[in-house]
2 protein chains.
Amino acid sequence: MTGTLTVAGLGPGSDALVTPEVTAALAAATDILGYAPYVARVPLREGLMLHPSDNREEIKRATDALRLAAEGRHVVVVSSGDPGVFAMASAVFEALEAAPQWHDLSIRVLPGITAMLAAASRIGAPLGHDFCAINLSDNLKSWGTIEKRLRLAAEADFAIAIYNPRSASRSEGFARALDILKDAGCGERLLIFARAVSTSDETIEAVTVKDARPDMADMKTLVIVANSTTRRAGRWIYAPRSVR
Amino acid sequence: MTGTLTVAGLGPGSDALVTPEVTAALAAATDILGYAPYVARVPLREGLMLHPSDNREEIKRATDALRLAAEGRHVVVVSSGDPGVFAMASAVFEALEAAPQWHDLSIRVLPGITAMLAAASRIGAPLGHDFCAINLSDNLKSWGTIEKRLRLAAEADFAIAIYNPRSASRSEGFARALDILKDAGCGERLLIFARAVSTSDETIEAVTVKDARPDMADMKTLVIVANSTTRRAGRWIYAPRSVR
């Protein structure tokens, strides 16, 4: 009995953004593990075992998934967006590193549309030139690291996709990030708040960094700070291809 | 007669990575424009007009697409990967900015799986922590800008996805990039060469930056320079979620 473990990205919310290979993996699964709201997106069917869990339990979830696969199950761990971007793939490999007995398991990672790509597409092309992605959660790194990266990204004139700008437990971080960006001379850059992209709750709003308020972001928001050359074309916002 | 313009991402190569909304847009199109190898990926059908073009003609292609849409056609401009990442979306909005008469056209951008996400998924999760994406083509920016960004990205300890590391006309840039990374203290970082990901020609190779040779990359290669904390777990490479 040979089990498999698949780490699959469900995209930002709409089923129209789920890749066919992810849809096929879900259809072949015996067990689905993931944060409860993502597990709830998987079509139910007879015999499919759902294992929803809380969002602070990544390593336990990953270990459970590896164990089920080792027992011969066909396990899919679901993430929203792309599983390799601030999501479950790193947790699965972290759990795997600690468990050499499972190193020969059949594992696949299936990419998905990560939030920044979906957000950018709704407003134009703010990631059309060089860019970076920074997770603002300080659960797993120090605020000093976050601040250093924001300052270097501003100096590099990267567009900056900010994941997890706010959570219920952390209301201060995004306010500090805005202050750092203003201090780094980015006050006139455009900043895009993209909330619940591709769902019925979607909202997109663009302001300058100096006019952005911390309460404009919530747990469902992806923020993109445009680079300094980014312009408007009608209702659209885009980064020109050329920079001199 | 109301035309539409859709800028669609075909993903890195496999049809299993094309989103359902892109597949639907292609099925509803009257005209397909794009770089010839990408147009060749679109299923042919009676009455569908194909407009393949060369890869140095982005603005002309974008303007042609806008004009066709203004004439009432249902136009899809295809990119590989994601159209908003070093691809056609920026060119379309650049052409649109210069043509106010077309600002009310119905335009959509449909995201796709960009090369770095597909590449990362095949080797593990090297983009699981903060990262950046840099286009090494110096057609549209100076080498000074590229060098500055590489140095700042190294200092920030971002994983670095390098798009377009080599082309037939530019064999020097990637060699210089490797020298800059070594000079910036990244010699021991892992570097991943991901070629033709998701196609039958796919190859994935990981070495350290100091052991990387310029000729290991070609026009079909996406390079990922891992961050300094990136580790191996069995045959996989991943960025731990936690950095202190």
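**View 1. Ten salt bridges link the two chains.** Between chain A and chain B, the count comes to 10 salt bridges, each being a side-chain nitrogen of Lys or Arg within 4 Å of a carboxyl oxygen of Asp or Glu. One of these pairs is A:Arg241 with B:Glu94, whose side chains meet at 3.3 Å, N to O. Bear in mind that this is a predicted model: local features need pLDDT of at least 70, side-chain atom pairs count only at pLDDT 80 or more, and totals for chains, interfaces and linings use all residues. Side-chain values use heavy atoms, with hydrogens and water left out, residues are numbered from 1 along each chain as its sequence is written, and chains are lettered from A and ligands numbered from 1 in the order in which they are written.

**View 2. Polar contacts and the side of chain A that touches chain B.** There are 28 residue pairs in polar contact between chain A and chain B, both residues at pLDDT 80 or more. A polar contact here is a pair of N or O atoms within 3.5 Å; within protein, one must be able to donate a hydrogen and the other to accept it, and residues adjacent in sequence count only if both atoms are side-chain atoms. Helix α4 (residues 88–97) of chain A gives the largest share of the side touching chain B, 7 residues. Helices are DSSP runs (H or I, at least four residues) and strands likewise (E, at least two), numbered from the N terminus.

**View 3. The buried area between the chains.** Chain A and chain B bury about 5900 Å² between them, and 59% of that is on carbon and sulfur atoms. Buried area is the accessible area (1.4 Å probe) that two parts lose on being put together, summed over both. A:Leu140, A:Arg149 and A:Arg241 supply 13% of what chain A buries against chain B, more than any other three residues. In the contact, 67 residues come from chain A and 66 from chain B, where contact means heavy atoms within 4.5 Å.

**View 4. B:Asp15 in its loop.** B:Asp15 sits in the loop between β1 (4–9) and α1 (20–28) of chain B. Leaving aside residues up to four places away in sequence, B:Asp15 touches A:Pro20 and B:Arg41.
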